[in-house]
Amino acid sequence: MSAAKGEISSFVEGMGRVALLACEVFRSLFTVRLNWAEFMKQMHFIGLKSQFVVLTTGASTGMVFCAQTFYQFHKVKMDTATLSVVGVAMTSELGPVLAGLMVAGRVGAAMTAELGTMKVTEQIDALRTMATHPVDHLVVPRVLATVISMPLLTVLAWAVGIFAAMILASSLLGIESAFSLKHMYFYSDEEDIFMGVIKALFFGLLISLISCYRGLNCRNGAEGVGRATNEAVVHSCIAILVSNFFLTLFLRGLLY
Amino acid sequence: MIEVSQIRKSFGEQIVLNSISFTVKAGESVAIIGRSGTGKSVLIKHLLGLLSPDAGAVRVEGQDLVGMTERELLGVRQKFGMLFQGAALFDSMNVHDNIAFPLHRSGVTEPDEINRRVDEVLGLVELPGVGGKMPAELSGGMQKRVGLARAIVHRPQIILYDEPTTGLDPVVADSIDQLMMRVRDQYSVTSIVITHDMRCARRMGQRIIYLQEGQVYLDAPAEEVFNSEDPQVGRFIRGEADLKEVDFS
């Protein structure tokens, strides 16, 4: 019981500290000159180099979801509604969540490991002694790059997922393309796209803040870096899945 | 210039610094010695505001660091240069960029001026031409020298050295000592050295502060400390264990 209490109190304290880090990031963003070199490096690492993993995830999810939906809809003769469901699900739910989980695994882990190693080898202290705030120099470029990259990666996941589903539907499942597409356009709203983009932005913020926080507060050498990296990925994934539910409810009320 | 007044610091139950006070005047060179775990590195981090004491005050040129925000401390830290125990070079940057970093931070933007000053300090630490190498390509001694170059390039008023010769062979340790003395004499900077190496302490310290169990046990001119008849200080300087403390069973 006391262990559970300790875990909860540590989690709440951690979230509070992440919120304080967010405040510091926003303050730095508007008061300190951006470290462009680091920002471009992070954009390349997060935005460009995450494309393969996001493309693969988007394509496989789109196809599996299309096949499963088709097998159920086929029973009630609603074959041409398959792509509509895939379209709505990919844009508002699956696209941002899966892109978020992939980015958390690939980018969040790398961010925490890099900052954690800098912390335990005193490179963060060296930065501070050279009159440089670690948030300005390290955190802001990473947060900004993740927040910008996430919606772009999510849109990529949608496009590839829906395209892969369309190919599967017309070539293997025998669904009439013209009707399918017409239904998809008819049942998909701009609001689904807005919702997906807003979620992607928010998940990008969560992943980068949690990962940077874990890295900057890493202790105990190599073991500590490993633990911090593990915690960063687990906490980012949990934060994405939990916040997705509340965002869906909130944005449904706001946008629709 | 630096005034440490009654500072206390604990980590959990463990008291690391227990009412430590001393002052360092401008241009003075002080060596802080003491056995492992007596709080030397923790103390030096308080001088920069990297750690905040539980009680007491740390003043640098009259400014009390305690209670300052991280952003307020950045201004104070521009007066300092620090050589870390493990050099703490940025492993994502090459040697040139590592050394140029404090120059950028202190507002030097002209590329020619940056290159000139980087080359100047690389010459001073006897590593000309290594600017393009990455830290991982350098030996431990070379990394320390690059760390020293980075600590002095922006001409700070105060330089802190955290165990500068630890882990180095005697020849490289000697070259680091020589460099530190050259920097001290050439730039007339205030120097504070934390060390276990008595040769380094003797060469660098005009004054020696001996820490024991988180307290200042002795604070005296170097000659007085090295000729001390106090058995504890004497044993430490000669590197002799107290046989009563050693359990051979």
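Student: In what order do the six strands of the open sheet in chain B stand?
Tutor: The pairing in this sheet is mixed. Strands are DSSP runs of E with at least two residues, helices are runs of H or I with at least four, and both are numbered from the N terminus. Two strands pair if DSSP finds at least two bridges between them. The open sheet of chain B has the order 6-7-8-3-9-10.

Student: This is a predicted model, but which pLDDT do side-chain atom pairs need to count?
Tutor: Residues are numbered from 1 along each chain as its sequence is written, while chains are lettered from A and ligands numbered from 1 in the order in which they are written. The model is predicted, totals for chains, interfaces and linings use all residues, local features need pLDDT of at least 70, and side-chain atom pairs count only at pLDDT 80 or more.

Student: Which strands of chain B stand at the edges of the sheet?
Tutor: An edge strand here has a single partner strand, so one side of it is left without a neighbour in the sheet. In chain B these are strand 6 and strand 10 (215–221).

Student: Strand 7 of chain B pairs with strand 8 of chain B, but over how many bridges?
Tutor: Strand 7 covers residues 158–162 and strand 8 covers residues 190–194. L160(B) stands opposite I192(B), and Y161(B) has V193(B) as its bridge partner. The two strands run in the parallel sense, and the number of bridges is five.

Student: Which residue of strand 7 of chain B stands opposite F80(B)?
Tutor: Strand 6 and strand 7 of chain B pair in the parallel sense over four bridges. Opposite F80(B) stands I158(B).

Student: How many of the five residues of strand 7 of chain B are buried?
Tutor: A residue is buried if 20 or more other C-beta atoms, placed from the backbone, lie within 10 Å of its own, exposed if 12 or fewer, and partly exposed in between. On one side I158(B), L160(B) and D162(B) are buried, and on the other I159(B) and Y161(B). Strand 7 of chain B is therefore largely enclosed by the rest of the structure, and the buried count is five of five.

Student: Which strands of chain B does helix 5 touch?
Tutor: Helix 5 (residues 140–152) packs on the sheet. Its direction makes about 175° with that of strand 6 of chain B; axes are lines fitted to C-alpha atoms, for helices over the stretch in contact, and angles run from 0 to 180 degrees between N-to-C directions. Residues are in contact if their C-beta atoms, placed from the backbone, lie within 7 Å. The strands touched by helix 5 are strand 6 and strand 7.

Student: What is the phi of Q6(B)?
Tutor: Q6(B) lies in strand 1 (residues 2–11) of chain B. With 13 other C-beta atoms within 10 Å, Q6(B) is partly exposed. Q6(B) is not a glycine, yet its phi is positive, at about 50°.

Student: Where does R155(B) lie?
Tutor: R155(B) is a residue other than glycine with a positive phi near 50°. R155(B) is partly exposed, with 13 other C-beta atoms within 10 Å. Its place in chain B is the loop between helix 5 and strand 7.

Notes:
Two residues are in contact if their C-beta atoms, placed from the backbone, lie within 7 Å.
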